[in-house]
Amino acid sequence: MAAETLARLSAGLAARQYSSVELTREALSRIDRAQPQLNALVTVTAERALATAAVADRRLASGESGPLTGVPIIHKDIFCTSGVLTTCGSKMLSNFVSPYDATVVSRLGAAGMVMVGKANMDEFAMGSSNETSWFGPVHNPWDLTRVPGGSSGGSAAAVAARLAPLATATDTGGSIRQPAALCGVTGIKPTYGRVSRYGMIAFASSLDQAGVITVSAEDAALTLQAMAGFDARDSTSVDVEVPDYRASLDAPLTGLKVGILKEFFGAGLAPEVEGPVRETLAVLRKLGAVVREVSLPSLPLSVPTYYVVAPAECSSNLARFDGVRYGHRCENPKDLQDLYQRSRAEGFGAEVKRRIMTGTYVLSAGYYDAYYLKAQKVRALINADFIRAFGEVDLLLGPTTPTVAFGLGDKTSDPITMYLNDIYTIGANLAGLPAMSIPCGFAGGLPVGVQLIGPHFGEAKLLNAAHRFQQETDWHLRGPTGYATSFEPGAGPTSGRGEK
Amino acid sequence: MEWETVIGLEIHAQLATRTKIFSGSPTAYGAEPNTQADLVDLGYPGVLPVLNGAAVRMAVQFGLAVGAKVARRSVFARKNYFYPDLPKGYQISQYELPIVAGGHLDVMLEDGSVKRVGITRAHLEEDAGKSLHEGHAGVSAIDLNRAGTPLIEIVSEPDMRSAKEAVAYMKKVHTLVRYLGICDGNMQEGSFRCDANVSIRRKGAEKYGTRAELKNLNSFRFVEKAINHEVGRQIEIMESGGQVKQETRLYDSDRDETRSMRSKEEANDYRYFPDPDLLPVVFDDAFIEAQRAALPELPDQKAARFVTQYGLSAYDAQLLTASSELADYYEQVVAEAPAEPKLAANWVMGDFSAALNKDGIDIGKSRLTAVQLGGLLLRISDDTISGKLAKEVFEVMWADGSNADVVIEARGLKQITDSGAIEKVIDEIIAANPKQLADFRSGKDKLFGFFVGQAMKATGGKANPALLNDLLKKKL
């Protein structure tokens, strides 16, 4: 199977089978071709990418390169990129050119990665379908009438269509894992504090975490290695040593205790999703894992808890977008109040406004205790449930999403239905746990993802389990019809084989 | 009707850190607008605050200095409101868990009595920028240099009963923060400012009246005037049968009046919640004890020492310790002229302080050093010059910075202590004034002063007064 993983491309670059410039040209031409159907990118940085690739080629030639040097990458448009439009999927920032790089961007840049563009996303990462983007929805490459998931829909669709071997993403309530599942790619949300949030436009600060969407768990390990680690600019980043993720990828899973999350297999889980998810257990057992059921009784409270905490933080975090210093400003404001009201009314979309209003309400005098404070208490309970579970098992397993990718427009009229799409992913955010979604099968030609959740700073174990699973399966290597899956610079477009 | 005034103060002291509380921008005053604000201060998308440890240490020192409880765990909270000089749309402050709670200050009043004022809490927060509404045709300008400057907000109990007490308390806090070196105390630059909560109640009543909060009080004088004005306004309302409204009022120093800014109904709901970008600030005992050990001698301790060590009155000791610079100057003078600590106190608080005031000079910039002033006092105590002539010498020293001995020598001001020389002068005066002598001897005692005056005149005031008295008594 000629699927291009980051690891394989990295080996090709090191062996001088092709140059970074050639690889970058290929990525740019794929983006050009796919953009009309997918709308996965907001900005393409062709010129800058080719210049960066040329530098990477010199590094590769001089031997001053690492495994990421010269590999094209797409950054979710939530990460500030110096001198490049950084929109966060919003009209509010549709004119915002960041004067600085996010820590994630600068670390990956220092590792020699070549940014080819910025990925489309739900506005300010608020959404589960990528339909709230000011730049229009992203289409799922497996079925263009369906959503890619969100909020990192552009990142997931781009990797699924192999426009680049990887894309950065962020996850506040499932925004890496849910689109990864719906697009058939691998996504990891690290432990809260594992990767710096500096330069990542804040949605809900206590939940936001940067991660990456890749083809394989091995690729995720390679990328996370460069992204992770303490950053003095982010007080919530944690000064815990970053282990060598790649070194433990092949460790045997003998005796690994995997807990099946009972609460994730109830009503609401589509049978065609449950099937492939349960089949992963057979593979894990075969690899030596011990599987048992685990119950986290407070977990069903995740969604209501999240929809108090996240909007509360967002209502404050988004106050800075006031039309005064940067971003959208209304025409001819007649006074200060008018400047604020119209700039924000025009600059924000409906979902963002809904959350700002919800958040403002739950923090208001007289309601704070009943909502925000109570939600924080429930959050502590959920966290305690997870901690207890990790006293018994090494990893938790369940579906990433209740269904496969749904149709564009299917859920836009009912926010609650949309929110319930994150029912399985939100718990890990509330508890700050690392979690992954990896492809585990298909239902009606659409990818299904299985979710693994680990204890705090348990990324190495997650990646190890995911990697071993991917050594036994090839779900992650399958790509949608009509997009290249193998990389042959100069050979022109190649048509991949889809899962039908 | 007799009314009692009830006042509580909220003092904002700018902490004397080199950089801002959550960013690396400098805090220096007076730079070109918007040149001392980085992306964090400007509230750019994606930036995050990082707490300045120096600001935390200063707040802890303040807490220890007022005998307060320093919280082992305190939490930063966001105070949410929209204003153009508040770039993030929220101010990072502390709300439910401040770093300092429950202290007090003992304040000496003008009559020498001591009043204890409770300190409810002191918390860390960032300052906002400045909105400039004048000098920009039709628009307001924003200067964000001040945004993110560290402040400690010191909230008192409603313990003060007059504007004078409020000012005395504010001065004491001013003294303390400057002793601690945590605030430069510069009120013109806004480094030290206060809001006053003022209410009145019938004398003897237990329940507090409805309060008005007075904003924009940036000098001791304005605090006193604004409170007095506000008390008058409230009494007028109450005595005409009205009710005081809870509201925020702005003091206008040009017109010496307060006017309503916003009523309670219009007050913002700040929607405080813990700032998720910052971890709670947690101390162990060792940290707090290290901060306690690093405290300098505090004003009350210094004043008590001055009383025992130099035999000064409590009131004088209080005045001399009002600033550590003044106290240090005094102690240097005493070191130079150790025999006369009370004389030194009189000179430092008297002629020296008056001269500083007259020329508007800060003590740190005084041309006359403590060693020089001590040198002058030495010449008084060894009878080289009289106290009266010393004032003349001081004037010259103050004007040109010369030493006492040089001035005394150059002007020939040295006191005459040679009894032969004085006797000779007395003899001449007696000889020249036979009538006065006869009158004196016949019982007109008051004429003694005439002879003293004549002798002083003849010696250019240089005759040693005690010696002159003795000799005159003998001769007459």
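Domain bounds are those of an automatic or database domain assignment. On this basis, chain A of the predicted model is divided into domain 1, comprising residues 6-300 together with 377-477, and domain 2, comprising residues 321-376. The C-alpha centres of domain 1 of chain A and domain 2 of chain A are separated by 29 Å. Their contact draws 18 residues from domain 1 of chain A and 15 residues from domain 2 of chain A. On the side of domain 1 of chain A that touches domain 2 of chain A, helix H12 of chain A (residues 369-392) gives the most, with 4 residues. By class, the residues of this side of domain 1 of chain A comprise 9 nonpolar, 5 polar and 4 charged.

The overall scores of the model are an ipTM of 0.95 and a pTM of 0.91. For chain B, the average pLDDT is 92, and 100% of the residues score at least 70.

The contact between the chains was examined next. Chain A supplies 34 residues to this contact and chain B supplies 24 residues. On the side of chain A that touches chain B, the elements giving two or more residues are helix H9 (302-317) and helix H10 (336-347) of chain A. Of the elements on this side, H9(A) gives the most, with 3 residues. The side of chain A that touches chain B is made up of 19 nonpolar, 8 polar and 7 charged residues.

Two helices of chain A were then considered in terms of burial. In helix H1 of chain A (residues 6-14), the buried residues are Leu6(A), Leu9(A), Ser10(A) and Leu13(A). Viewed down the axis of H1(A), these buried residues fall within an arc of 105°, and they therefore line one face of the helix. In general, an α-helix has 3.6 residues a turn, so residues three or four places apart point the same way. The packing partners of the buried residues of H1(A) are helix H2 (20-38), helix H3 (46-62), S4, S6 and H7 of chain A. Just after H1(A), Arg16(A) adopts a positive phi of about 60°.

Helix H4 of chain A (residues 103-110) is largely enclosed by the rest of the structure, because 6 of its 8 residues are buried. These buried residues are Thr103(A), Val104(A), Val105(A), Arg107(A), Leu108(A) and Gly109(A). Their cover includes strand S2 (72-76), strand S4 (166-171), strand S6 (209-214) and helix H7 (217-227) of chain A. Just after H4(A), a positive phi of about 95° is found at Gly112(A).

Notes: Residues numbered from 1 in each chain as written. Chains lettered and ligands numbered in written order. Predicted model: local features only at pLDDT ≥ 70, side-chain atom pairs only at ≥ 80, totals over all residues. Buried ≥ 20, exposed ≤ 12 C-beta atoms within 10 Å, placed from the backbone. Contact = placed C-beta atoms within 7 Å. Nonpolar A, V, L, I, M, F, W, Y, C, P; charged D, E, K, R; others polar. pLDDT = per-residue confidence, 0-100. Arc of directions from axis to C-beta.
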